[in-house]
Amino acid sequence: MKIAANLSLLFTELPLRERIQAAAAAGFDGVEIQFPYELPAIALQEALARAGLPLVLINLPAGDLMSGGAGLAAVPARQAEFDAALQQALTYAAMARPACVNVLPGRLAAGVSREQALDCLAANLRQSAEAFALLGIRVLVEAIN
């Protein structure tokens, strides 16, 4: 069995770069970082190489989702922001090489019907999957519970 450490939740007393080595020392087989964008992709890649660990998963930037907002992926009025987040994640992933990228669906935005949100999400997932396929990176989606 292979187990990856979620470095957004583990070893948080350390700077992100040092958490990778801590995960290796603790015996983890890889790492996940929800939003790794505080660390330049080249620095992350170098830290992963030093620790001998693969990057298993990152999230696409999600706008205001983590602070209680609707996020980006299922909000038609925020399409330009989603497109910018996708480009940021693609640029980052080209260097850091995660196995998977997670697109967070978000919450139903005020004034948006469920059908509109699902149509927007489906289109954004297709766009993301096509873009990351060129890098050999899988796209995942987790619903918020």
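This is a predicted model: local features need pLDDT of at least 70, side-chain atom pairs count only at pLDDT 80 or more; totals for chains, interfaces and linings use all residues.
Reader: How many residues are in the largest nonpolar core?
Author: The largest nonpolar core has 41 residues. Such a core is a set of buried Ala, Val, Leu, Ile, Met, Phe, Trp, Tyr and Cys residues joined through side-chain atoms within 4.5 Å. Buried means under 20% relative accessible area, exposed over 50%, and partly exposed in between (1.4 Å probe, protein chains only).

Reader: Which residues have the most contacts inside it?
Author: Leu7, Ile20, Leu44, Leu55, Leu60, Tyr92 and Phe132 do.

Reader: And which helix or strand gives the most to this core?
Author: α3 does, with eight residues. Helices (H or I, at least four residues) and strands (E, at least two) are DSSP runs, numbered from the N terminus.

Reader: What does leucine 44 touch?
Author: Leaving aside residues up to four places away in sequence, Leu44 touches Ile20, Ile33, Pro36, Leu39, Leu55, Tyr92 and Ala96. Contact means heavy atoms within 4.5 Å.

Reader: Switching to α1, which residues are buried there?
Author: Leu16, Arg19, Ile20, Ala22 and Ala23 are buried in α1. Seen down the helix axis, the buried residues fall within an arc of 165°, so they line one face of α1. That arc is taken from the directions from the helix axis to the C-beta atoms.

Reader: What do they pack against?
Author: The buried residues of α1 pack against β1 (4-6), β2 and α2.

Reader: What lines the largest cavity?
Author: Leu60, Pro61, Ala62, Leu72, Ala73, Phe82, Val103 and Leu104 line the largest cavity. On a 1 Å grid over the protein atoms alone, a cavity is a set of points where a 1.4 Å probe fits but cannot get out, and lining residues have an atom within 4 Å of a point.

Reader: Where is phenylalanine 11, and what is its phi?
Author: Phenylalanine 11 lies in the loop between β1 and α1. Its phi is near 60°, a positive value in a residue other than glycine.

Reader: Where is arginine 97?
Author: Arginine 97 is in the loop between α3 and β4, with a positive phi near 55°. Arginine 97 counts as partly exposed because its relative accessibility is 41%.

Terms used
Residues are numbered from 1 along each chain as its sequence is written. Side-chain values use heavy atoms; hydrogens and water are left out. On a 1 Å grid over the protein atoms alone, a cavity is a set of points where a 1.4 Å probe fits but cannot get out, and a pocket is an open set with protein on both sides within 12 Å along at least five of seven lines; lining residues have an atom within 4 Å of a point.
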